[in-house]
Amino acid sequence: MSISTHLGRKHMDILSSIGTYILTLPSFVFMSIVIALLGLIFQAGFQSSIRSGLSFGVGLIGINTLMSIAIEHLSPVATAMSERLGLSLNIVDLGYGAAANIQVWPGNFIVMFAIILIDIVLIGLKLTKTLWVDVHNIWHGNYVGLIAWVITKNIPLSIGLALLSMIISLKLADLHAKRFQEFNDIGNITLISTAATLPATFSMLIMKLIDKIPGLNKVDVQSDDLKDKFGVFGENMTIGFILGLILSLIAGYDIAGSLTTAMMLAATLGLFPKMAGLMLEGMVPLSTAVTIFMKKRFKGRELNIAVDGAILLGHPSVMSTFVLMVPISVVLSFIVPGIGFIPIASLMALPYYIGAIVPYTRGNLVHTTIVTSLWIILTALIATHMAPWVTQGLEMTGFYTKEIARGSVFAFWDEGGNIFTWLISLFAK
């Protein structure tokens, strides 16, 4: 072995160790540290920087906890509903669990560090306004690389395709930044993950069509209108309780089980905006500091900070639509030809899709439900098509090998239903 080869492997081992350490940190820990450090770099002040990091991290913990509670109680409801409908599809929905193997595909850490360097270069060349702070969500682009590797068996090409998909996401983050910011009042914040950029792009295009359909373009149902019209029965907590009760009874739950699920959903819908508000509270000092910094040193330049998608979940229409979309998603898997699995584990992705959709539907519950349903159909069809590749990727990286040997096939929404991976599969064929 030559000295240069030995040194190259040593550097790769170091990068791998750093990357592994970063990825093993919980997102709320990593993001708290990064936001606090950015506050110091952009001169927000020591106390404000610490407070920003902690507020964002605590809000993210709250969001994750509420999401876990919602999924814990809605997944059995969805399963029971599918059983009552007589649904029995042959592909297993793994949810985000299907993406655990990105950490062991050969190009993982190269992609992780390369996109950060590329982002810095593109900012310097004025080709993007987005600073990729949300390192944990690099996994979205990395999964594109993994699937490309499964299909092509070519590591350099797969790394290139992963980076290409992430550069496209950077440009989409630029495209949607103003709409995200104005609708959610979040300063110079944007989102970088394809779970936000792709449904936002889809929503933007579909709403151009809906706005031209007579009658439908006049329908406008807002959460605030429900509250004004129906009083307590139009409030988020009450809507969560009523929907939880109805869904549980349809699923065949007894009274105690139905009331428990109803209360849990009432808590989720009631507390979600408060947790998202805490995250936003943490971002305000950083956003202000970045704006002042850019105006002083780079006149005429803007810089948007890309953070976790949970920042968009505070609008009341997001979680209301989420609860409605749980039974709709199950029914769609039953009635739409070509969908091969029942979404249970993948339901975790729904709020993030909806959070990116509502800035373009302007919070209109009817339009949001229509656009989200269409997005879910597209995503589920792609995910069904990609199931053999997802399964092969799991097998090649040593995951679920016993189940695969017994004939199991796996799929999931999100990156399993990503249009980038679908295009790669078409290209390979």
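1. Basis. The model is predicted, so that local features require pLDDT of at least 70 and side-chain atom pairs count only at pLDDT 80 or more, whereas totals for chains, interfaces and linings use all residues. Residues are numbered from 1 along each chain as its sequence is written, and side-chain values use heavy atoms, with hydrogens and water left out.

2. Core. The largest nonpolar core has 132 residues, and those with the most contacts inside it are F56, I63, Y143, M283, I311 and F322; its largest share, 12 residues, comes from helix α3 (residues 46-84). A nonpolar core here is a set of buried Ala, Val, Leu, Ile, Met, Phe, Trp, Tyr and Cys residues joined through side-chain atoms within 4.5 Å; buried means under 20% relative accessible area, exposed over 50%, and partly exposed in between (1.4 Å probe, protein chains only). Helices are DSSP runs of H or I with at least four residues, numbered from the N terminus. Apart from neighbours within four places in sequence, I63 is in contact (heavy atoms within 4.5 Å) with F272, M275, A276, M279, A310, L313 and Y352.

3. Surface patch. I33, L37, L40, I41, F46, I50 and L54 form a nonpolar patch on the surface with about 690 Å² of accessible area together, an area that comes from the Shrake-Rupley method with a 1.4 Å probe. Such a patch takes residues with over 30% relative accessible area and no salt bridge, nonpolar side chains (Val, Leu, Ile, Met, Phe, Trp, Tyr) being joined within 5 Å; a salt bridge is a side-chain nitrogen of Lys or Arg within 4 Å of a carboxyl oxygen of Asp or Glu. Helices α2 (27-41) and α3 each supply at least two of the residues, and α2 gives the most, with four. I33 lies in α2 and counts as partly exposed because its relative accessibility is 44%.

4. Helix α12. After α12 comes R362, whose phi is positive, near 60°.

5. Helices α9 and α10. The buried residues of α9 include N236, I239, L243 and L247, and just after this helix G252 takes a positive phi of about 95°. I255, in helix α10 (residues 255-297), counts as exposed because its relative accessibility is 59%.

Note on methods:
Patches are made of residues with over 30% relative accessible area and no salt bridge: like charges are joined within 9 Å, nonpolar side chains (Val, Leu, Ile, Met, Phe, Trp, Tyr) within 5 Å.
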